[in-house]
Amino acid sequence: MNPEKDFAPLTPNIVRALNDKLYEKRKVAALEIEKLVREFVAQNNTVQIKHVIQTLSQEFALSQHPHSRKGGLIGLAACSIALGKDSGLYLKELIEPVLTCFSDADSRLRYYACEALYNIVKVARGAVLPHFNVLFDGLSKLAADPDPNVKSGSELLDRLLKDIVTESNKFDLVGFIPLLRERIYSNNQYARQFIISWILVLESVPDINLLDYLPEILDGLFQILGDNGKEIRKMCEVVLGEFLKETKKNPSSVKFAEMANILVIHCQTTDDLIQLTAMCWLREFIQLAGRVMLPYSSGILTAVLPCLAYDDRKRNIKEVANVCNQSLMKLVTPEDDEPDEPRLVVQKQAGPSPKDCAATQEGAASGGPDGSCDSSFSSGISVFTPASAERAPVTLHLDGIVQVLNCHLSDTAIGMMTRIAVLKWLYHLYIKTPRKMSRHTDSLFPVLLQTLSDESDEVILKDLEVLAEIASSPAGQADDPGALDGPDLRVSHSELQAPTPGRAGLLNMPGTKGLECSPSTPTMNSYFYKFMINLLKRFSSERKLLEVRGAFIISPPCKPGRVMLAGLCHPVRVRPVDTTPLGFGRHRSPHPFFWPGPSSPAEGHICVSQGFQVQGGLQRKEEVALRMTGRRCPGEEAFAAPQLLR
């Protein structure tokens, strides 16, 4: 610094003391500056006041010499003290050079900067709020300072600033949110602790409604929840808990749609605490927002379905996921099967339609079936609809939902409970929205048939329920069943005949005793014939499936078995694999075809030739009779249905 330079109105003694390396001499100079500025205030000499502040800022606080910078900082603090309530008029000039010193390489200088800013803020109080963002930005950096003295000084300044914010009603929350959204993604644990502490403070101020801006910071809060520090995780849990309480108290002001995807993402994390917390939030959102969450169903399914297969180690997550599953499923109603005209729901902001489920399965939802599916899902769950908000249309989009369900059902590594939940969802959708679901039957049908080979009896039963519903659904009725799926399943009209007689005539056929009294016996559609042909083909090609699961699959006591049994009253003709007359065997029927109807010579069972096997030098043909009605094969004794004969 040039000693001959004129620093008036600062005297040469003040200038010399400000540049001294000893703190005590710099402090004496600061007292002289305070006295000088007070005189200018008394004279209302604003020109000289600005000149003093500018000199201290440019020539000292921003000097290249470290001792000069320290002198400039203490001099600026002295100016603020002398100005008193008038310091608000010069805050920009006072604060900016001090904040610049926050980034100084010298830790002592950073500490003196904290000290100077503390004195400036303490004098100005509420007048510093227009400069809150720059103060917060500087403090957020010092919160992660490696020097303990600097960190201690920043904490004192932080507490002072929090006191000012809580006692003022002029805080600019709108202007602060972008900075908070940026800083909340810091990976430094001290910076995270600083952010969380400020959110807690702002949430406690009655005049500040942080809930309106929750979508801006919710993702960052879940990121912080995964911090390695227990104290930070605990603080974040408290913050999220407070926000969830506010959400329950004021659901009409919550932007559910804007936060749905955030929750879906964090419901799929590997961190148990994050996943459980996000799942609890999702549960509340589904119950509070109702149909507003439907556009995000495919995403919710992707997040929830795998959790249903968790073991006892993650029982809490599994239980909450199950409630989410039930609640979401209850939102699907028969009205959703109407033409694609959005239904009106009450919500402040409507969510966008979800994208189709891709390899990443971006949208997900799963829920428990209604009473028609399983009694375990019959518990009533209230759904809140906000009373005072704008109306927004919500349409149920099945494409993404069905794709997610299909993906999970096709995954052989998925847990049994997840597969059961998927099948319950499909059954529920076919019950509530048969017209829309009929468009997806062709893509689902092969997977449903493959699921018949599942190891779980419960999975097979649910699978049969879905197949039975498809086979009896009015939305799938057709006079001509058309070509069957798959290259090996194409059967000509001469081989597969779909009957068109009326329902009454079918039920009065001989051999249907016991069925004519059932008012619920459905009329089969083309998918029934597809199912039967596919099933017989699989029995023919997969001997183990026939032996292990054959009786179970076609068992009349189960509901789908009764539906299939009713369908067998229709005359269907199946070409055997080989029509060569049998050389020997229990069943020596000369008929190469099977007709399960009143004109059939082998009425009441299905004969499937399975080819030749060489045994003892002779060609032997094995024939399987699937006894569905207990009727007698020619030349054999009658037996109770169902049974398997070789």
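**Surface, packing and backbone**

Analyst: In this predicted model, the chain has an accessible surface of about 29500 Å². Carbon and sulfur atoms account for 50% of that surface.

User: What percentage of the residues of the chain count as buried?

Analyst: Buried means under 20% relative accessible area. The chain has 646 residues, and the share that counts as buried is 54%.

User: How many helices and strands does the chain have?

Analyst: Both kinds of element are present in the chain. The count is 25 helices and five strands.

User: Among contacts between residues at least 6 apart in sequence, what percentage join residues at least 24 apart?

Analyst: Contact here means heavy atoms within 4.5 Å. Among contacts between residues at least 6 apart, the share joining residues at least 24 apart is 73%.

User: Are helix 6 and helix 8 roughly parallel or roughly antiparallel?

Analyst: Two packed helices are described by the angle and the distance between their axes. For helix 6 (residues 107-124) and helix 8 (residues 148-166), the axes come within 9 Å and cross at roughly 15°. Angles under 35 degrees count as roughly parallel. Helix 6 and helix 8 are therefore roughly parallel.

User: What is the handedness of the crossing, and how do the contact residues divide?

Analyst: Helix 6 passes helix 8 in a left-handed crossing. Helix 6 contributes residues including Tyr111, Cys114 and Leu117, and helix 8 contributes residues including Val150, Leu157 and Ile164. The residues of this contact divide into 11 nonpolar, four polar and two charged.

User: Which residues does a cis peptide bond join?

Analyst: The bond has an omega of about 10°. Its Pro9 sits in the segment before helix 1 (12-18). The residues joined are Ala8 and Pro9.

User: Is Asn44 buried or exposed?

Analyst: Asn44 is not a glycine, yet its phi is positive, about 60°. Asn44 lies in the loop between helix 2 (23-43) and helix 3 (46-61). Exposed means over 50% relative accessible area. Asn44 has 61% relative accessibility, so Asn44 counts as exposed.

User: What is the relative accessible area of Arg125, and where does Arg125 lie?

Analyst: Arg125 has a positive phi of about 50°, although it is not a glycine. Arg125 is partly exposed, with a relative accessible area of 29%. Its place is the loop between helix 6 and helix 7 (132-142).

Definitions and conventions. Residues numbered from 1 in each chain as written. Predicted model: local features only at pLDDT ≥ 70, side-chain atom pairs only at ≥ 80, totals over all residues. Heavy atoms only, no water. Axes fitted to C-alpha atoms, helices over the stretch in contact; angles between N-to-C directions. Helix = DSSP H or I, 4+ residues; strand = E, 2+ residues; numbered from the N terminus. Parallel < 35°, antiparallel > 145°, perpendicular 65-115°, else oblique. Left-handed = near helix turned anticlockwise from the far one by under 90°. Nonpolar A, V, L, I, M, F, W, Y, C, P; charged D, E, K, R; others polar. Buried < 20%, exposed > 50% of the residue type's maximum accessible area, 1.4 Å probe, protein only. Areas by Shrake-Rupley, 256 points an atom, 1.4 Å probe, with all protein chains shown as cover.
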